[in-house]
Amino acid sequence: LGVRLPAALAGIASVYLIYLVAAKLIDKRAGYIAAAVLAAQSYHVWVSRSGLQDGLVIFFSLLILWLWILALQKDKWWLWVLWGASLGLGVITKFTILIIIPILCVYAALFKYNFFVKRYFWYGIAVFIVVSLPSWLYNILLYKNFGHFDFQISAFLNQDVPQWQFRQGRQMVGDLA
């Protein structure tokens, strides 16, 4: 229950978040369609009931995107702080969430948002650093003491860690069919 419940709740919340994002970017009809597709998508259903971190990564990715869109449009300090906190929590969940950074930058460039000059953006960056700092420190100390990083970073860097020869997240879970 303790492992699967957060993933299940994140999966349900992700369906609502994708509705909000699509409704904001396109229209409500697109939001309904996006939510229906995500709710029925096999990988999303599987990861939402399995207890893997990926369900939380999907949730945090959508939350980060939603808050990014709102913060760019409204430029309120609390939206930027929530965005930074969400990004930090996403990093603590799984480092692969950092792929969202170039996606957000492309979005901002396409719509000509100059977020670097916004003071509140830097508040969000500061909150991100503070929230994600334990994860960065953990990896530095892990490397110092054991010669490798945590599971995700060691996989990304192709580090050979004898204790992690079996990587459950690498299994095939099925396809769209």
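Mentor: Start with Lys 112, which counts as exposed because its relative accessibility is 73%. Lys 112 is found in the loop between helix 6 (100–110) and helix 7. Keep in mind throughout that this is a predicted model.

The backbone at Lys 112 deserves a look. Most residues other than glycine have a negative phi. Lys 112 is not a glycine, yet its phi is positive, at about 55°. Asp 75 is another such case, with a positive phi of about 50° although it is not a glycine either. Asp 75 also sits in a loop, the one between helix 4 and helix 5. Its relative accessibility is 27%, so Asp 75 counts as partly exposed.

Tyr 107 lies in helix 6. With a relative accessibility of 13%, Tyr 107 counts as buried, because the limit for that word is under 20%. Leaving aside residues up to four places away in sequence, Tyr 107 touches Leu 25, Trp 68, Ile 69, Leu 72, Gln 73 and Tyr 113. To get a sense of distance across this stretch, take Tyr 107 and Lys 118: they are eleven residues apart in sequence, and their C-alpha atoms are 16 Å apart in space.

A pair of aromatic rings is described by the distance of the centres and the angle of the planes. The structure holds 21 aromatic pairs. In one of them, the ring centres of Trp 68 and Trp 80 are 5.6 Å apart and the planes stand at 90°, so this pair is edge-to-face. Trp 68 belongs to helix 4 (residues 54–74) and Trp 80 to helix 5 (residues 77–93), so the pair ties together parts that are twelve residues apart in sequence.

The ring centres of Tyr 120 and Tyr 123 are 5.4 Å apart and their planes meet at 55°, so the pair is tilted. Tyr 120 and Tyr 123 are three residues apart in helix 7 (residues 119–146), which means that about one helical turn separates them. Tyr 120 is partly exposed, at 22% relative accessible area, and Tyr 123 is partly exposed as well, at 36%.

There is also a group that goes beyond single pairs. Trp 68, Trp 80, Trp 83, Phe 115, Phe 116, Phe 121 and Trp 122 form one aromatic cluster.

The structure holds one salt bridge. Its partners are Lys 94 and Asp 54, whose closest N and O atoms are 3.2 Å apart. Lys 94 lies in the loop between helix 5 and helix 6, and Asp 54 in helix 4, so that the pair links distant parts of the chain, 40 residues apart. Lys 94 and Asp 54 are both buried, whereas Lys 112 counts as exposed.

The surface has a nonpolar part too. Leu 1, Leu 5, Leu 9 and Ile 12 form a nonpolar patch there, with about 460 Å² of accessible area together. Of these, Leu 5 is placed in helix 1 (residues 4–25). Leu 5 is partly exposed, with a relative accessible area of 39%.

The protein has eight helices and zero strands. Buried residues make up 40% of its 177 residues. Among contacts between residues at least 6 apart in sequence, 63% join residues at least 24 apart. The accessible surface comes to about 10,800 Å², and 69% of it belongs to carbon and sulfur atoms. Along the principal axes, the C-alpha trace spans about 50 × 40 × 30 Å. A compact globule with 177 residues would have a radius of gyration near 16 Å, and the protein has 18 Å, which agrees.

Terms used:
Residues are numbered from 1 along each chain as its sequence is written. This is a predicted model: local features need pLDDT of at least 70, side-chain atom pairs count only at pLDDT 80 or more; totals for chains, interfaces and linings use all residues. Side-chain values use heavy atoms; hydrogens and water are left out. Patches are made of residues with over 30% relative accessible area and no salt bridge: like charges are joined within 9 Å, nonpolar side chains (Val, Leu, Ile, Met, Phe, Trp, Tyr) within 5 Å. Accessible areas come from the Shrake-Rupley method with a 1.4 Å probe; for residues, only the protein chains shown count as cover. A salt bridge is a side-chain nitrogen of Lys or Arg within 4 Å of a carboxyl oxygen of Asp or Glu. Helices (H or I, at least four residues) and strands (E, at least two) are DSSP runs, numbered from the N terminus. Buried means under 20% relative accessible area, exposed over 50%, partly exposed in between (1.4 Å probe, protein chains only). Rings of Phe, Tyr and Trp (its six-membered ring) pair if their centres lie within 6.5 Å; planes under 30 degrees apart count as stacked, over 60 as edge-to-face and the rest as tilted. The radius of gyration is taken over C-alpha atoms; the globule rule is 2.2 Å times the number of residues to the power 0.38. Contact means heavy atoms within 4.5 Å.
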